[in-house]
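Visitor: I am new to this structure and would like to go through it in steps. Please show it first.

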Amino acid sequence: MAATGHLPAVNLAHSLPSRRKLAPATAYNTSANTAASGFCAAVKCDLPAHAPLQNPKPIKPTAIKPLLSVTKTLAFSAATGIVLHLASPSPSFIGNGPGGTGGSGGGGGGGGDGGSWFRLFTPAAIAKDDESQAQEWDSHGLPANIVVQLNKLSAFKKYKVSDILFFDRRRGTTVGTEDSFFEMVSLRPGGIYTKTQLQKELETLATCGMFEKVDLEGKTNPDGTIGAMISFLESTWQSAERFRCINVGLMPQSKPIEMDPDMTEKERLEYFRSQEKDYRRRIEKSRPCLLPMAVQREVLQMLREQGTVSARLLQRIRDRVQKWYQDEGYACAQVVNFGNLNTKEVVCEVVEGDITQLAIQFQDKLGNVCEGNTQLGVVRRELPRQLRQGHVFNIEAGKQALRNINSLALFSNIEVNPRPDEKNEGGIIVEIKLKELEQKSAEVSTEWSIVPGRGGGPTLASIQPGGTVSFEHRNLKGLNRSILGSVTTSNFLNPQDDLSFKLEYVHPYLDGIYNPRNRTFKASCFNSRKLSPVFTGGPGVDEVPPIWVDRAGVKANITENFTRQSKFTYGLVMEEITARDESSHISPNGQRVLPSGGISADGPPTTLSGTGIDRMAFGQANITRDNTRFVNGTIVGERNVFQLDQGLGIGSKFPFFNRHQLTVTQFIQLKQVEEGAGKPPPPVLVLHGHYGGCVGDLPSYDAFTLGGPYSVRGYNMGEIGAARNILELAAELRIPVRNTHVYAFAEHGNDLGSSKDVKGNPTEVYRRMGHGSSYGLGVKLGLVRAEYAVDHNSGTGAIFFRFGERF
């Protein structure tokens, strides 16, 4: 949003009765716009001029730390205000967080140009200055090294200013460029100015309230340029014993009556009393600010240590107050005025950025406003409370809104754009702009496999096309309901061999979109095939003929989300399980290779019924408590998962069982680090434990297996054993190294002596140990984990490449 001419300023006005006659000022006043370099490139929060007094003048904003990265695009656009922008499919952080905002303590401007600081730092202003430097200028035509009063300069010449000096008369010293007073001057070394412009600059400084007295003189240089010398007496007020911070956002601003210089002493006294009465009413109508008492006590200590209240002290107070607001994410909060000066109390007026309206807008592909399919209630329920009307706008709430809305997977582009409310001074309108995804989509992914022909080499007929066909119809009736389906096979020419499918219906907001309870109903039918790790050989055992487990059935469950990561799921599963051999024939028993090379099918039973086919129905529940978070890209926190499967006695052999699992994982941050984009992640210690147990009927395909990349690393899937009860323990130390991390780990798995309780004891039949340990080293390479793990049972090591995370 474009900045206006008013900028953070201090303005001289006799708005309160002075304790001495003709006091320099009784109130510091700032308008509330920002245009700092670095700030306008990332965040521009433009509030209407909030000061009851006129003639604003700029003050340097407080520098603010950049925002933390999130996993999706978050951009801040200077053109339209604070814009949180989320785009797919290539998310990245564009903005670098909120810049500083202006505050009080600066001088009030005078007259027409209204804000030289804004002109100084905006691109248009810089271009204008560059243009002025390219213009011709006139030599002063005077003897060198003499002091020239402003009124002695020619009105027909353009003077080039070589340098600018500030001289503090009270201190008797020249002020350095780091002094905050330099921020008030629009003159620039090397700039070209007329006499009128220089006089306007002096008028602005004289009327800002920062100075009791200020003069501007020129010193001639031999090269025809002049140096500007600004001498001043800083304004001061009596010491204060109290400090108060108030929120004056959304309060109407009264225009003070100009004081007639011909007023009598009595009329002046009445004028001051009237102003004081109006200001007291203003304080009474104001609201408490968010500034914590700890910061207010810190400011009060500054007042007590300084003694006399000065303009520089008010600038320091402004910077400290605004720094807290910006550090806490209140990007639109600004100090606009200091009142009650020359009393025992300093009142700091803050416009905090109160949200007055929330507007949701749908856009088409070209960015034009259109009617959306999604019901507004679906979007509104995802917004954090801090982003709703009546709250103060916070940048973190905007980021949370982006994440929440993006999790709906309904939109290709999301913008959160706070802008000033033109009807309510100091108010913020939060605009949410959304571009919807297509409701219907389909996708085909293919893969080609070549199998040996009769002669051992591949033939044209041996090329098998496989892959997945998937479709989705999302956002039915605008309520985020969806139907999803997929079909997968390794051979489209003969799909009956291994065809698997899944069709799912998702119905969120089971209790209504306006009910805060967040429950989602899902129903699906499925058919899948997986290799069973139960029928796996131990160390030194010849290859065991594989057993494939087909599952076909229906499933219905309800998931209740407590937080974004913690949830409770409960439902019912009815399925048919079929055990098959390599030739896809039904296999009632496991197989083993005979010494003669033949295959015997007298191994452990594969199903509970003994026929190779089971049918059953059981209840299922899962509760997840997850408080993990990312610190500079590394996960820290704790995650606990408990799952329960309860047989209902319905199906083959009337199966009745209770199968339960508990997983506890802790990611312990070993070192505190500064959080932010580009900051190094901390080292992390991961402690992991997993217990699984079963009481009652237990078919072999549901036995717990030990070994594999997600159980005990260094072993094949199920290589340690298959048991009724298991315990897994693991520890991993992660050390960050150059945008990734290396790690060392140690793991142990144990069947707790329960392998023999699995029907047919497949652990003993296939000569597995029932327990095992491993240790090793690894490095994370993008999505791939490269690990060297030592199998403690055999004492040998191997290198593994795995996708995804272990924990």
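Guide: A word on terms: buried means under 20% relative accessible area, exposed over 50%, and partly exposed in between, with a 1.4 Å probe and protein chains only. This is a predicted model, in which local features need pLDDT of at least 70, side-chain atom pairs count only at pLDDT 80 or more, and totals for chains, interfaces and linings use all residues. Residues are numbered from 1 along each chain as its sequence is written, and side-chain values use heavy atoms, with hydrogens and water left out.

Visitor: Is asparagine 761 buried or exposed?

Guide: Asparagine 761 sits in the loop between β36 (740–750) and α9 (762–765); helices (H or I, at least four residues) and strands (E, at least two) are DSSP runs, numbered from the N terminus. Its phi is near 45°, a positive value in a residue other than glycine. The relative accessibility of asparagine 761 is 14%, so the residue counts as buried.

Visitor: Where does asparagine 475 lie?

Guide: Asparagine 475 has a phi near 60°, which is positive in a residue other than glycine. With a relative accessible area of 3%, asparagine 475 is buried. Its place is strand β20 (residues 463–476).

Visitor: How many helices and strands does the protein chain have?

Guide: Of the 807 residues of the protein chain, 50% count as buried. Taking contact as heavy atoms within 4.5 Å, 66% of the contacts between residues at least 6 apart in sequence join residues at least 24 apart. The protein chain has 9 helices and 39 strands.

Visitor: Why is α6 largely enclosed by the rest of the structure?

Guide: Helix α6 (residues 311–327) reaches 24 Å from its first C-alpha to its last. That is close to the 24 Å expected at 1.5 Å a residue, where the expected span is 1.5 Å times one less than the number of residues. Its buried residues include Leu313, Ile317 and Val321. Helix α6 is largely enclosed because its buried residues number 12 of the 17.

Visitor: What kind of pair do tryptophan 324 and tyrosine 325 form?

Guide: Rings of Phe, Tyr and Trp (its six-membered ring) pair if their centres lie within 6.5 Å; planes under 30 degrees apart count as stacked, over 60 as edge-to-face and the rest as tilted. By this rule there are 9 aromatic pairs. The ring centres of tryptophan 324 and tyrosine 325 are 5.0 Å apart and the planes stand at 80°, so the pair is edge-to-face.

Visitor: Which residue forms an aromatic pair with tyrosine 325 at 6.0 Å centre to centre?

Guide: Tyrosine 325 is buried, with a relative accessible area of 1%. In this pair the planes are 75° apart, and the arrangement is edge-to-face. The partner of tyrosine 325 here is tyrosine 330.

Visitor: How much accessible area does the nonpolar patch with Phe562 have?

Guide: Phenylalanine 562 is found in the loop between β24 (548–561) and β25 (567–580), and at 49% relative accessibility it counts as partly exposed. Areas come from the Shrake-Rupley method with a 1.4 Å probe; for residues, only the protein chains shown count as cover. Phe562, Ile623, Phe642, Leu662, Val664, Tyr691, Leu727, Leu729 and Leu752 together have about 740 Å².

Definitions and conventions: Patch = residues over 30% accessible without salt bridge, like charges linked within 9 Å, V, L, I, M, F, W, Y side chains within 5 Å. Salt bridge = Lys/Arg side-chain N within 4 Å of Asp/Glu carboxyl O.
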